[in-house]
Every structure is written in C-alpha cells, then in structure tokens.
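I opened a notebook for this structure. Below are my entries, in the order in which I looked things up.

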Amino acid sequence: MCRWLAYSGSPILMSEVLYGGTNSLVDQSLHSRLGAEPTNGDGFGVGWYGAPETPGVYRSVEPAWNDENLRELAGHISSPLFFTHIRAAIGSAVQQTNCHPFRHDHWLFMHNGYINEFGTIKRDLVLAVDPSLYPGIKGQADTEVLFYLALTFGLEDDPPVAVAQAIGFVEDVAERHGVPHPFQGTVATTDGESIWAFRYSSEHNSRSLFYTTDVPSLRKLYPEREDLRQFSDDARLIVSEPLGDVAGVWNEVPESTCGIVAPDREEMQPFEPKAPSTPVAVA
C-alpha cells in the first residue's frame with residue numbers, strides 16, 4: 001500500500017510536514033506503523049498550489065528517503081494547499097507516470113489502496129472514461145483510471161457524488177466479472193481551494209485515515225508548544241497515519257466517510273458508492 005498527506009491552511013514550507021515530527025511522511029517511507037507494508041519505496045510525488053491556477057507536480061521513482069531533490073524543493077516551496085504521496089506498488093510498474101498525485105487541469109487526486117483484480121476489469125473501466133478525457137491517461141495505475149472515471153462522472157461539479165459513482169461503477173463491473181471485494185482504500189482530491197477525503201472499502205475494513213484537531217483547540221491544550229504558532233487557525237492535515245504521537249492531535253476518520261475541508265466549512269458525512277444509472281462514457 002501507500003501513505004499520503006494533504007495540507008490546507010496558511011502557506012507553509014512543505015518540509016515542515018514531510019520531514020518534521022517523530023513519524024514524518026518521509027520516515028513512513030522507511031518504516032510505516034499502520035500501513036500494509038512497513039516500507040513504501042516505489043516512488044513518491046508532491047503536488048502544490050501557488051500563483052498559477054494549475055498545481056505544480058514533482059514525481060520520482062526514487063525512494064522518498066533517498067531523493068535530495070525532494071528535500072531541496074520541500075525546503076523552498078511554501079504553499080497553502082499541497083498533496084504528498086509515497087508509493088508501495090502492488091500491480092503496476094515502478095515508473096514516474098504511475099506515481100501519485102495525478103493531475104488534470106487544476107485538480108489533483110491520490111489514493112492508498114487498490115482495485116482488486118484490476119487487470120480483469122480494466123477494459124470495462126477505461127471504456128467508460130469520457131473520450132475527451134481518455135488521452136490524459138499516461139500510466140498503468142488503477143488510481144489514475146479511478147481519477148478519470150470520477151472526472152467523467154462530474155468531479156468538477158460534485159466531487160462526493162462523482163467519487164461515489166466512480167467507485168460504485170468499479171463495484172458494479174467487478175460483480176459482473178465475479179471479482180470479490182473490488183475496492184479498498186482512502187482517496188483525496190482537490191481543486192486547489194477545497195479538499196475531499198474518502199475512507200471506504202467494499203468489505204468495510206478500510207485503510208487508516210486521520211485528521212488533525214483544530215489549531216485553536218491544540219494551542220489551548222498545549223500553550224507551551226512553539227511549533228503550533230507556525231500554523232494558521234484554519235490549518236488542517238489529513239494523513240494515512242499520524243505524524244507523531246502527541247495526545248489529542250490526531251482523530252480517526254470513521255469507516256465509509258467523506259470529509260470536506262473548504263474555505264467556508266469543515267464537515268464529515270456518510271459515504272456510500274452507487275453505480276451511475278448509465279455507466280457509459282458521456283459526451
């Protein structure tokens with residue numbers, strides 16, 4: 001499996017969360033505590049928003065712990081919203097085009113988990129991708145296909161519904177092919193302003209996902225901690241596993257849940273995939 005992190009708030013250096021803490025994301029690339037595998041060394045990626053409308057993306061097949069370019073970039077890029085992902089490949093090749101996050105226009109998308117027996121149902125899935133979007137698929141990863149299905153089903157208009165239909169479609173196709181427990185994982189997507197995070201699996205035993213307690217509450221709980229001063233009141237982290245073990249900081253996202261971090265609201269709501277009524281490519 002993989003590990004990932006999403007940040008939203010006032011601009012901070014990416015290195016603060018990539019390398020900071022007793023269980024930083026880069027540390028997790030070597031020895032993850034909650035992942036299906038302790039080592040996630042099959043590449044990594046970072047996607048961040050700045051002055052341009054579209055996000056920047058840097059991806060590499062190097063292990064995150066061994067890439068000096070990542071350390072250099074993370075120590076110089078300050079962003080109000082960014083995704084980072086470390087990969088443990090379980091089906092597709094270790095190559096740059098299979099590293100997360102995936103980008104389309106101003107959207108980013110990443111995933112920890114898998115589509116079961118992807119090769120068995122891949123043809124049906126890719127044929128449902130809108131023809132205008134299909135040329136954008138560059139790699140072999142199941143996550144990239146899931147992203148383009150979500151775009152096909154209206155990600156830009158209603159992300160929770162689009163992701164629910166994309167996963168529902170995967171489950172529907174898998175059922176027709178006799179594939180058990182087709183979807184596993186946690187998913188995050190963003191348009192550069194809001195983040196939508198999902199925890200779901202077909203067998204309702206999903207990979208771990210956590211979010212941070214709001215910063216004002218943490219400052220009251222730990223008034224002596226100087227490191228909390230660098231974060232804005234609206235800063236949030238969503239992570240596959242906690243970056244440290246300080247009590248009260250990390251909260252587990254419930255099973256089958258969609259979490260939303262937006263400029264005007266933060267909320268969690270139940271998440272249940274449902275196949276689209278017409279699961280074919282749309283004009």
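This is a predicted model: local features need pLDDT of at least 70, side-chain atom pairs count only at pLDDT 80 or more; totals for chains, interfaces and linings use all residues.

Helices (H or I, at least four residues) and strands (E, at least two) are DSSP runs, numbered from the N terminus. I also noted that strands of a sheet pair through backbone hydrogen bonds, either parallel or antiparallel.

Residues are numbered from 1 along each chain as its sequence is written, and side-chain values use heavy atoms, with hydrogens and water left out.

**Entry: the six-stranded sheet**

I traced an open sheet of six strands, ordered β5-β6-β7-β8-β12-β13, with antiparallel pairing. At its edges I found β5 and β13 (265-270), each of which pairs on one side only. From one strand to the next, the twist averages 15°. For angles, I used axes that are lines fitted to C-alpha atoms, for helices over the stretch in contact; the angles run from 0 to 180 degrees between N-to-C directions.

I then looked at one pairing. Eight bridges hold β6 and β7 in the antiparallel sense. Across from N112 I found T186 in β7. Helix α6 packs on this sheet and touches β6, β7, β8, β12 (257-262) and β13. Its direction makes about 25° with that of β8. Contact here means heavy atoms within 4.5 Å.

**Entry: the seven-stranded sheet**

I found another open sheet, of seven strands, in the order β3-β2-β4-β1-β10-β9-β11. Its pairing is antiparallel. The edge strands are β3 (56-60) and β11 (250-252), and each pairs on one side only. Here the twist averages 15° from one strand to the next. I checked β1 (residues 3-13) against β4: they run antiparallel and are joined by eight bridges. Y7 stands opposite F82 in β4.

**Entry: helix α5**

Is α5 buried or exposed? I counted 11 of the 11 residues of α5 (residues 142-152) as buried, so the helix is largely enclosed by the rest of the structure. Buried means under 20% relative accessible area, exposed over 50%, and partly exposed in between (1.4 Å probe, protein chains only). Among the buried residues are D142, E144, F147 and Y148.

What covers them? The cover includes β5 (102-104), β6 (107-115), α4 (118-127), α6 (159-176) and β7 (183-190). Just past α5, I noted that G154 takes a positive phi of about 100°.

**Entry: aromatic pairs**

I searched the whole structure and got nine aromatic pairs. Rings of Phe, Tyr and Trp (its six-membered ring) pair if their centres lie within 6.5 Å; planes under 30 degrees apart count as stacked, over 60 as edge-to-face and the rest as tilted.

W107 and W196 make a stacked pair, at 5.8 Å centre to centre with 25° between the planes. The pair links distant parts of the chain: W107 is in β6 and W196 in β8 (residues 195-201), 89 residues apart. W107 is buried at 2% relative accessible area. W196 also counts as buried, at 8%.

Next I looked at F109 and F147. Their ring centres are 4.9 Å apart and their planes lie at 15°, so this pair is stacked. F109 sits in β6 and F147 in α5, so the pair ties together parts 38 residues apart in sequence. F109 is buried at 0% relative accessible area. F147 is buried too, at 0%.

I also logged a cluster: F183, F198, Y200 and F271 form one aromatic cluster.

**Entry: pocket and cavity**

I took the terms as follows. On a 1 Å grid over the protein atoms alone, a cavity is a set of points where a 1.4 Å probe fits but cannot get out, and a pocket is an open set with protein on both sides within 12 Å along at least five of seven lines; lining residues have an atom within 4 Å of a point. Grid points are joined across faces, edges and corners, and a volume is the space filled by probe spheres set on the points.

The largest pocket has a volume of about 510 Å³. I counted 25 lining residues, of which D227, F231, L237, V249 and W250 lie nearest its centre. The elements giving two or more residues to this lining are α1 (15-18), α7 (215-221) and β10 (236-239).

How many cavities of 30 Å³ or more are there? My search of the whole structure found one. The largest cavity holds about 40 Å³ of space. Its lining includes L18, F44, H85 and I86. The elements that give it two or more residues are α2 (25-31), β2 (44-48) and β4 (78-86).

Conventions
Two strands pair if DSSP finds at least two bridges between them.
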